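Please look over the sequence and the fold before reading on.

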Amino acid sequence: MDTQRLRSDSHWLAWAAGIIDGEGTVLLAKNKANKTWTLRVVVGNTDPRMIAALHDLFGGGVSFTAARKGNWRPVWRWYVYHKKAEACLERVLPWLRVKRDQAELGLQARRLVRPRRGRRGNFRDPGVEARTLDIAAQMRDLRTKSFDTYAQNVPAADDQGRLDLGHVV
């Protein structure tokens with residue numbers, strides 16, 4: 001795979017946005033040991049080719065979880081944190097639909113706590129901490145409420161079973 005071409009091809013970025021929308025998670029997590037916030041983008045899937053393509057596009061890491069029960073399949077996870085998560089979200093933002101609000105909030109939080117030249121960041125500032133907590137709560141609410149909101153806005157099917165989803169997109 002031509003990684004350089006892949007990283008600049010808008011078709012691949014649109015594809016990645018669809019994968020993140022459908023299979024991914026965008027979240028802020030707080031490290032309990034040092035009290036820092038981490039922007040994370042994680043995608044899990046049973047097809048390692050999908051995970052490899054995301055890794056080629058954005059870097060990051062890959063983990064593997066073996067099948068835990070007899071009928072389960074193994075799961076591959078791709079993840080990016082901090083700067084790489086920020087760069088990933090900035091690149092796919094134009095194509096995100098489902099996770100767009102979460103991505104925008106995550107980018108906003110990342111800019112609040114981004115380390116400054118030679119410093120570890122301003123995450124210990126009480127105002128920044130309060131704002132970051134608020135953003136994390138909003139992101140959590142979006143993760144838990146997004147399906148309910150979507151389901152309420154989907155029209156009933158016509159007599160042939162067709163849906164008009166034009167207003168949802």
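How many salt bridges does the structure hold? The structure, which is a predicted model, holds six salt bridges. One of them joins the side chains of glutamate 129 and lysine 30. The points below take the sheet first, then the helices, then this charged pair.

- Four strands make up an open sheet, with antiparallel pairing and the order 1-2-4-3.
- Strand 1 (24–30) and strand 3 (61–65) are the edge strands, each pairing on one side only.
- From one strand to the next, the twist averages 30°.
- Seven bridges connect strand 1 with strand 2 (residues 37–45), in the antiparallel sense.
- Leucine 28 stands opposite leucine 39, a residue of strand 2.
- The hairpin of strand 1 and strand 2 has six residues between the strands, and lysine 35 in this hairpin takes a positive phi near 65°.
- Strand 2 also pairs with strand 4, again in the antiparallel sense, over six bridges.
- Asparagine 45 stands opposite tryptophan 76, which belongs to strand 4.

**Helices on the sheet**

- Helix 2 packs on the sheet and touches strand 1 and strand 2.
- The direction of helix 2 makes about 90° with that of strand 2.
- Helix 4 packs on the sheet as well, touching strand 1, strand 2 and strand 4 (75–81).
- The direction of helix 4 makes about 65° with that of strand 2.

**Helix 2 with helix 3**

- Helix 2 (residues 10–23) and helix 3 (residues 48–58) have axes that come within 11 Å and cross at roughly 125°.
- Helix 2 is therefore oblique to helix 3.
- The crossing of helix 2 past helix 3 is left-handed.
- Helix 2 contributes Trp12, Leu13, Trp15, Ala16 and Ile19 to the contact, and helix 3 contributes Met50, Ala53, Leu54, Leu57 and Phe58.
- Sorted by class, this contact of helix 2 with helix 3 has 10 nonpolar residues, no polar and no charged ones.

**Helix 4 with helix 5**

- The axes of helix 4 (residues 82–92) and helix 5 (residues 100–113) come within 10 Å, crossing at roughly 140°.
- This angle makes helix 4 oblique to helix 5.
- Helix 4 passes helix 5 with a left-handed crossing.
- On the helix 4 side the contact involves His82, Lys83, Glu86, Leu89 and Glu90, which meet Ala103, Leu107, Arg110 and Arg111 of helix 5.
- The contact of helix 4 with helix 5 comprises three nonpolar, one polar and five charged residues.

**A salt bridge across the chain**

- Side chains of opposite charge can pair when their charged atoms come close.
- In the salt bridge of glutamate 129 with lysine 30, the N to O distance is 2.4 Å.
- Glutamate 129 lies in helix 6 (residues 126–153) and lysine 30 in strand 1, so the pair links distant parts of the chain, 99 residues apart.

Note on methods
Residues are numbered from 1 along each chain as its sequence is written. This is a predicted model: local features need pLDDT of at least 70, side-chain atom pairs count only at pLDDT 80 or more; totals for chains, interfaces and linings use all residues. Side-chain values use heavy atoms; hydrogens and water are left out. Axes are lines fitted to C-alpha atoms, for helices over the stretch in contact, and angles run from 0 to 180 degrees between N-to-C directions. Helices (H or I, at least four residues) and strands (E, at least two) are DSSP runs, numbered from the N terminus. Angles under 35 degrees count as roughly parallel, over 145 as roughly antiparallel, 65 to 115 as roughly perpendicular and the rest as oblique. A crossing is left-handed if the near helix is turned anticlockwise from the far one by less than a right angle, and right-handed if clockwise. Contact means heavy atoms within 4.5 Å. Ala, Val, Leu, Ile, Met, Phe, Trp, Tyr, Cys and Pro count as nonpolar, Asp, Glu, Lys and Arg as charged, and the others, Gly among them, as polar. Two strands pair if DSSP finds at least two bridges between them. A salt bridge is a side-chain nitrogen of Lys or Arg within 4 Å of a carboxyl oxygen of Asp or Glu.
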